[in-house]
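Have the sequence and the 3D view open as you read.

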Amino acid sequence: MTCIFCRIVAKEIPNYTVYEDSHALAFLDIQPLAQGHTVIIPKVHAGTLLDLPDSEAAAWSLAVKRALERVDQIIHPDGFNVGLNHGEAAGQAVAHLHMHIIPRFRADGGGSMHSIIEAPSHLPVEEVAKLFA
Ligand code: AMP
Ligand code: ZN
């Protein structure tokens with residue numbers, strides 16, 4: 001088994017568990033961006049959310065909430081950034097779906113989601129909307 005997060009699920013690699021149920025595991029990120037930085041994975045291997053079977057998606061989403069509640073109770077941050085690096089182009093380094101929960105504190109110097117990228121489409125939003133119509 002080569003996937004590092006599958007190896008964590010299989011207990012071949014240790015982790016600092018934050019929350020666990022039969023479908024999902026949340027553990028402290030080994031290179032935390034903030035105190036309590038946690039990642040939540042589905043126990044089945046899925047590279048991205050697009051690969052995760054619908055039958056697993058609801059349970060994983062609920063586990064994200066449960067892990068968020070747990071980090072909130074223990075760390076008491078002022079807020080969170082919660083998100084996915086979804087695909088290599090978006091910075092995903094570990095190819096097993098994982099949601100980051102990053103606790104945020106007033107005046108911690110960090111930015112918002114809006115600081116990740118600024119490369120808007122050359123198409124106005126009204127034109128992009130037509131693609132979805
Ligand atoms: P990314 O794929 O860029 O969304 O990030 C992968 C995250 O997994 C990074 O923040 C790593 O620090 C974290 N990570 C990698 N290996 C481990 C591990 N063995 N235990 C905990 N976190 C890990
Ligand atoms: Zn995996």
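The notes below go from the overall fold to the ligand and then to the pocket.

This is a predicted model, in which local features need pLDDT of at least 70, side-chain atom pairs count only at pLDDT 80 or more, and totals for chains, interfaces and linings use all residues. Residues are numbered from 1 along each chain as its sequence is written, chains are lettered from A and ligands numbered from 1 in the order in which they are written, and side-chain values use heavy atoms, with hydrogens and water left out.

**Overall fold**
- The protein chain has 3 helices and 5 strands (DSSP runs, H or I of at least four residues for helices and E of at least two for strands, numbered from the N terminus).
- Along the sequence these follow the pattern α-β-β-β-α-β-β-α.
- The C-alpha trace spans about 50 × 40 × 25 Å along its principal axes.

**Around ligand 1**
- The shell holds 15 residues, and D29, A93, V94, H98 and H100 come nearest (near means a heavy atom within 4 Å).
  - A polar side-chain atom of H100 lies 2.7 Å from an oxygen atom of ligand 1.
  - A backbone N or O atom of G91 lies 2.9 Å from an oxygen atom of the ligand.
  - A backbone N or O atom of I30 lies 3.1 Å from a nitrogen atom of the ligand.
- Taken alone, ligand 1 exposes 510 Å², and the protein buries 84% of that (Shrake-Rupley method, 1.4 Å probe).
- α1 (4-9) and β2 (24-28) are the elements that give two or more residues to this shell, and α1 provides the largest share, 3 residues.

**The largest pocket**
- Ligand 1 takes up the space of the largest pocket (more than half of its atoms lie within 2 Å of the grid points).
- A pocket here is an open set of points on a 1 Å grid over the protein atoms alone, with protein on both sides within 12 Å along at least five of seven lines; lining residues have an atom within 4 Å of a point.
- About 820 Å³ of space lies in this pocket (the space filled by probe spheres set on the points).
- Its lining counts 36 residues, with D29, L33, H37, H100 and I102 nearest the centre.
- α1, β2, β4 (79-83) and β5 (99-104) each supply at least two lining residues.

Terms used
A polar contact is a pair of N or O atoms within 3.5 Å; within protein, one must be able to donate a hydrogen and the other to accept it, and residues adjacent in sequence count only if both atoms are side-chain atoms. On a 1 Å grid over the protein atoms alone, a cavity is a set of points where a 1.4 Å probe fits but cannot get out, and a pocket is an open set with protein on both sides within 12 Å along at least five of seven lines; lining residues have an atom within 4 Å of a point.
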